[in-house]
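Good morning, and thank you for coming.

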Amino acid sequence: MPTLLLLEAMGNTGEYVLDAARDLGVEVIVVTHEDVFEEWYSPTLQAEIRNHAKLVFTDFSDSEGALRQLAELARAEHVDGVVACWEFLTPLVARLTADLGLPGNDPSRALSCRNKRIMARAFTEHGIPAPLTLAARTVEEAFARVEAAGLTYPIVVKPSEQSGSWGVSVVRSDEELATAFALAQSHLFQMPHGIPLDAHVVVQEYVGGVEFSIETVVADGVATPLVPYDKFTTDGAKRAEFGHTVPAELDDASVRILQEAAVAAARALGITDGVAHTELKLLPDGTTRIIELGARLPGDHVVALMRQARGIDEAKVYVQIALGLAPDLTPTADTAAGIRFLVPPRGGVLRSVSGIGESAAVARSSLTVRPGGQVRAPGDNDARVGYVIVHADTAAEVNRAAAEAIANVTIEVD
């Protein structure tokens, strides 16, 4: 039986990977920290791991120590593949697979898939169209570099290393830039593992157009892009994601443009074995700008949407590539699926959520925060309290059904 080393299974992709491994007859060793397992994992996921996997604890904040421990463990357990379900660990996976001689990405470029400052430099070096990007350690340095580069408002300010739209702002004045810079630099350790983060703040030109996401599957250096899908975000200073629809409503030529751009970006960042999640914009003139790329599965239950809409199980594909197997990319469906997230009007204590529409198109709805739980103010993806997944024959039908399902939702917060 093949053995898979899974670094950090928290988050919604962890459950999908565990399910895929079980379906493939793969033994799984889950690696996390003892405190994280006890405090951050749901009781259901804890039981799943205890019953169907081995559990190992390590300290991911000490990357060199974790690398030594996990390399020794992998050799002792005859591990056949390594994956991560938390993007902050993808550089560690690349180093570990290279050390073990297993399928994985280029470790010398792995940090460019995680750090937006380094990513921008790699895109420039490889001629990948992306927003003009500056980096600064102080707000004074940021002002000076913006002026020297001739950037004009609006501009985008974000941390070099974060996720989930956290700390991302679209700013339109010097005052907003100073506030956004302080926010982007306010968390320099990634919880819950306490991983130290790059203190640089990234400042980018604002790019118009329409934003999409797409996954590129790369096995032994051969890249296969999947269908692009819609990424819906809020307007204003904060651009939190509030939904996705798979596939996007695009003509064939636009699909090819996005796919070719995603493949080029994956090659530029050294993706040779795995899945690359790319976010990019399509401009009115038919050109693209790559916003960012992660060497990971998509979050936000997109794995479920892709499986429902196209019959492709990205989690299974991820496991197959890690084990050196040919990924199963044959579509078995030609429909559409979407997800919309429920966000409270303000932060506080959640009292109730009501009004989710019922229809044949609603495949699943769930609360991720129970009444009585603390909720964040809108602004990033951590403010969500639940979601609705819909399924229909076409993307247009999904978008209509999703809008109807959440039209009368009321979220009460004390």
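The largest cavity holds about 150 Å³ of space. A cavity is a set of points, on a 1 Å grid over the protein atoms alone, where a 1.4 Å probe fits but cannot get out. Its volume is the space filled by probe spheres set on the points, and grid points are joined across faces, edges and corners. Rolling a probe the size of a water molecule over the atoms shows where empty space is left.

Before I go on, a word on the source: this is a predicted model, in which local features need pLDDT of at least 70 and side-chain atom pairs count only at pLDDT 80 or more, while totals for chains, interfaces and linings use all residues. Residues are numbered from 1 along each chain as its sequence is written, and side-chain values use heavy atoms, with hydrogens and water left out.

Which residues lie nearest the centre of the largest cavity? They are Val-82, Val-93, Asn-105, Asp-273 and Tyr-318, out of 17 lining residues; a lining residue has an atom within 4 Å of a point. Helix α5 gives the most to this lining, with 4 residues. At least two residues each come from β4 (81–84), α5, β15 (274–282) and α11 (314–322). These elements are DSSP runs numbered from the N terminus: helices are H or I of at least four residues, and strands are E of at least two. By class, the lining of the largest cavity has 11 nonpolar, 5 polar and 1 charged residues. Here Ala, Val, Leu, Ile, Met, Phe, Trp, Tyr, Cys and Pro count as nonpolar, Asp, Glu, Lys and Arg as charged, and the others, Gly among them, as polar.

The whole structure has 4 cavities of 30 Å³ or more. The second largest cavity has a volume of about 70 Å³, and its lining divides into 3 nonpolar, 2 polar and 5 charged residues. Among them are Glu-87, Arg-114, Lys-116, Glu-292 and Arg-296. Strand β16 gives the most to the lining of this second largest cavity, with 3 residues.

Let us turn to an open space. The second largest pocket has a volume of about 330 Å³; a pocket is an open set of points with protein on both sides within 12 Å along at least five of seven lines. Of its 14 lining residues, Ser-63, Phe-88, Pro-91, Leu-111 and Ile-195 are the closest to its centre. Helix α5 supplies the largest share of this pocket's lining, 3 residues.

Phe-88 also takes part in a ring pair with Trp-86. Rings of Phe, Tyr and Trp (its six-membered ring) pair if their centres lie within 6.5 Å; planes under 30 degrees apart count as stacked, over 60 as edge-to-face and the rest as tilted. The centres of the Trp-86 and Phe-88 rings are 4.9 Å apart and their planes are at 50°, so this pair is tilted. Both Trp-86 and Phe-88 are buried, where buried means under 20% relative accessible area, exposed over 50% and partly exposed in between (1.4 Å probe, protein chains only). The structure holds 4 aromatic pairs, and ring pairs also join Phe-37, Tyr-41 and Phe-57 into a cluster.

Finally, consider helix α10, residues 302–310. How many of its 9 residues are buried? The number is 7, including Val-302, Leu-305, Met-306 and Arg-310. After α10 comes Gly-311, with a positive phi near 75°.
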